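Trainee: Could we go through this model together, starting with the surface and moving on to the helices?

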Amino acid sequence: MKKLIAGAALVAASSMAMADHGPAGCGLGTAVVFPDANEWHEHVLAATTNGTSGNQTFGMTSGTLNCQDANGPMAQTQAFMEDNMDQLALDAAKGQGETLAALAEVMGVEAADSAAFNRTVQSNFDNLFHADATSGTAYEALTAALADSEQLKKYVG
């Protein structure tokens with residue numbers, strides 16, 4: 001019994017260290033089995049499910065199971081937009097520029113798709129960089145615009 005409790009505590013501790021998703025971390029146990037965990041034993045069981053089924057790794061690499069913030073390039077995209085919002089808006093208005101090219105690189109946009117990427121960002125300028133825009137709203141508008149494009153939707157998962 002002590003081994004089980006120690007194992008559950010270790011899994012819970014490792015989950016907490018990986019991301020801020022509550023005490024159980026992200027994964028199947030948190031997203032599906034115990035989505036509204038309030039009691040300590042529910043958190044332990046959710047963490048155990050997350051840790052023992054190997055779904056946390058899948059969730060982190062695929063950006064599913066409430067592990068979206070660990071979603072590789074897209075997480076970096078939002079951070080890039082946060083750090084370069086003003087210059088990115090200038091480049092987006094022109095449909096070209098270093099910051100727009102850097103954003104495409106961060107997102108892993110292939111050279112064959114870069115012109116379409118630039119056109120999409122430019123044509124959605126008003127949605128991305130309106131007066132009340134934040135990096136979060138711009139990121140959401142960018143992912144929506146790319147998801148609407150048959151050529152570019154592969155970059156948003």
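Mentor: Happy to! Accessible areas come from the Shrake-Rupley method with a 1.4 Å probe, and for residues only the protein chains shown count as cover. With that, the protein chain exposes about 9,000 Å², 56% of it supplied by carbon and sulfur atoms. This is a predicted model, where local features need pLDDT of at least 70, side-chain atom pairs count only at pLDDT 80 or more, and totals for chains, interfaces and linings use all residues. Residues are numbered from 1 along each chain as its sequence is written, and side-chain values use heavy atoms, leaving out hydrogens and water.

Trainee: Is Val 32 buried or exposed?

Mentor: Val 32 lies in helix α2 (residues 28-33); helices are DSSP runs of H or I, at least four residues, numbered from the N terminus. Buried means under 20% relative accessible area, exposed over 50%, and partly exposed in between. Val 32 has 54% relative accessibility, so it counts as exposed.

Trainee: How do α6 and α7 pack, roughly parallel or roughly perpendicular?

Mentor: Helix α6 (residues 85-94) meets α7 at an angle of about 100 degrees, with the axes 7 Å apart. Axes are lines fitted to C-alpha atoms over the stretch in contact, and angles run from 0 to 180 degrees between N-to-C directions. Angles under 35 degrees count as roughly parallel, over 145 as roughly antiparallel, 65 to 115 as roughly perpendicular and the rest as oblique. Therefore α6 is roughly perpendicular to α7.

Trainee: Which loop holds Gly 108, and how exposed is Gly 108?

Mentor: Gly 108 sits in the loop between α7 (98-107) and α8 (114-123). Its relative accessibility is 43%, so Gly 108 counts as partly exposed.

Note on methods:
Helix = DSSP H or I, 4+ residues; strand = E, 2+ residues; numbered from the N terminus. Buried < 20%, exposed > 50% of the residue type's maximum accessible area, 1.4 Å probe, protein only.
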